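Good morning, and thank you for joining this group meeting.

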Amino acid sequence: MQEIQVRPVTDVDVRQQVARLVGIDLPPEGMLGVFATSEAIDGMALKAMLQGQVDALSRAIQPDPSTIRDPLTGLLTHSYFQEALVKAVAEAHRYAGIFSLLVIDIDFFTPINRRYGYAVGDQVLTLVTQAVSDTMRTSDLVSRFGGDEVAALLPKTDLDGAWILAERIREKVASLHLEVSGSVVPVLISAGVAELRPDESADSLEERARAAVDAAKRSGRNRCFRAGDLQIPDGQALAKGIQQRREAFYDSVQALAAVVEAKDAYTNSHSRSVAEYAYRLARRVGFEGDRLETLRLAATLHDLGKIGVPDAVLKKPGPLTDEEWDVMKRHPSIGRQIIGHTFHLGDLIPGLYYHHERWDGRGYPEGLAGEAIPLEARVVTIGDAYSAMVDDRVYRKGMSHDTACNNLRKAAGSQFDPQLVEIFIAMIEEEELEGRKVADPA
Ligand SMILES: [Fe+2]
Ligand SMILES: [Fe+2]
């Protein structure tokens with residue numbers, strides 16, 4: 001049997017290993033030989049180590065091609081672009097060249113992602129980057145600049161030239177059409193351009209281009225601004241502008257509601273009345289801020305789709321036939337379709353589209369049951385039913401609050417969310433006790 005000798009690993013062993021790695025032969029073992037070779041190996045090992053470090057360093061300096069390009073858009077990455085920007089700025093200063101920076105920001109990108117999902121957001125980003133790439137010249141360097149931003153280095157381009165290019169891109173993007181399940185998704189951009197000033201740093205140039213984008217956004221989006229001629233409205237003018245736009249928006253909603261009422265057999269204040277009841281109930285269940293406001297608008301426009309129902313069905317005095325009911329039941333879908341074409345009204349869809357669903361799942365258009373029905377819609381349904389019962393109509397007097405509340409209670413758990421019915425009745429009773437009629441919530 002062969003005897004295995006175990007001995008400690010010596011300095012000589014280590015040196016022999018290194019020698020093998022760097023590809024040299026060691027002289028016969030011996031103190032002198034080991035020392036002589038040890039110096040030679042030290043030098044070679046050091047060289048090898050340095051070479052390794054140089055390789056690692058050069059890998060770090062020259063990025064892997066896959067890190068230069070953004071995988072989604074194929075554009076240069078932000079970090080690569082930043083380096084290129086600094087170099088381009090230095091070069092422009094050295095040769096006294098003209099140079100501009102363009103920054104593009106996609107309008108409504110966050111709400112698009114939130115409402116339609118990230119896949120649609122990516123689609124918007126791809127469409128925009130395609131439009132930018134198609135418009136750019138070969139000398140321009142285009143990069144992704146953040147989640148919803150694209151930037152371009154424009155050598156030999158002055159401010160006006162950059163602005164013309166940006167405007168061309170903006171027009172191209174605005175002409176794109178993207179539709180998701182019947183809703184038009186806005187594909188729009190705001191852009192800012194800045195021309196490099198003498199001795200200006202890359203950071204400062206970028207800051208001015210970004211400020212121009214901000215100004216374009218604040219001025220209503222879908223526009224291009226030059227850094228030199230920013231027209232940022234002062235706080236007061238801005239607030240006034242927002243207020244005017246908000247009022248115009250509410251006017252449009254009321255006008256739409258009036259169209260429905262003119263067509264329907266209800267009283268001419270049905271939309272307003274449903275909106276009031278739904279608003280009060282929503283507030284009781286904890287809605288506030290934008291959600292509460294959106295609910296009120298959804299309730300105002302809940303029957304918008306009746307615009308698309310023929311008068312022969314909508315105003316028929318007698319009971320409807322099965323076919324006529326089928327036509328009538330299309331009004332939530334028609335409403336959703338109309339709303340879908342108006343991006344700002346898209347948030348109203350849950351309250352509007354599902355207002356004829358029933359708690360027991362026997363409603364329409366989807367047949368959703370219980371809490372699967374959006375809370376907004378469950379609230380609107382109760383406001384709608386209550387208003388239909390208590391409001392006077394042309395051909396009959398409205399029911400008393402007591403009778404209407406009893407009817408609601410009877411249908412709690414079948415037609416209506418039982419919990420909401422109780423909250424609603426408690427609210428009405430309190431108001432009755434206080435002797436005040438439900439007033440305009442505005
Ligand atoms: Fe309805
Ligand atoms: Fe209604």
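Valine 128 touches Ile106, Val150, Val173, Val187 and Ile189, leaving aside residues up to four places away in sequence; contact requires C-beta atoms, placed from the backbone, within 7 Å. This is a predicted model, in which local features need pLDDT of at least 70 and side-chain atom pairs pLDDT 80 or more, while totals for chains, interfaces and linings use all residues. Residues are numbered from 1 along each chain as its sequence is written, with chains lettered from A and ligands numbered from 1 in the order in which they are written.

Val128 is also among the five residues that touch the most other members of the largest nonpolar core, which has 49 residues; the others are Leu102, Ala191, Val193 and Ala209. A nonpolar core is a set of buried Ala, Val, Leu, Ile, Met, Phe, Trp, Tyr and Cys residues joined through C-beta atoms within 7 Å, where buried requires 20 or more other C-beta atoms within 10 Å of the residue's own.

I turn now to the helices. Helices are DSSP runs of H or I with at least four residues, and strands are E runs of at least two, numbered from the N terminus. In α6, Val128, Ala131, Val132 and Thr135 meet Leu165, Arg168, Ile169, Lys172 and Val173 in α7.

Finally, the sheet. It is open, with 5 strands in the order β2-β3-β1-β6-β7 and mixed pairing; strands pair if DSSP finds at least two bridges between them. Strands β2 (141-146) and β7 (224-226) stand at the edges with a single partner strand each, so one side of each has no neighbour in the sheet. Strand β2 pairs with β3 (residues 149-155) in the antiparallel sense over 5 bridges, and leucine 141 stands opposite leucine 153 in β3.

Technical notes: Buried ≥ 20, exposed ≤ 12 C-beta atoms within 10 Å, placed from the backbone. Contact = placed C-beta atoms within 7 Å.
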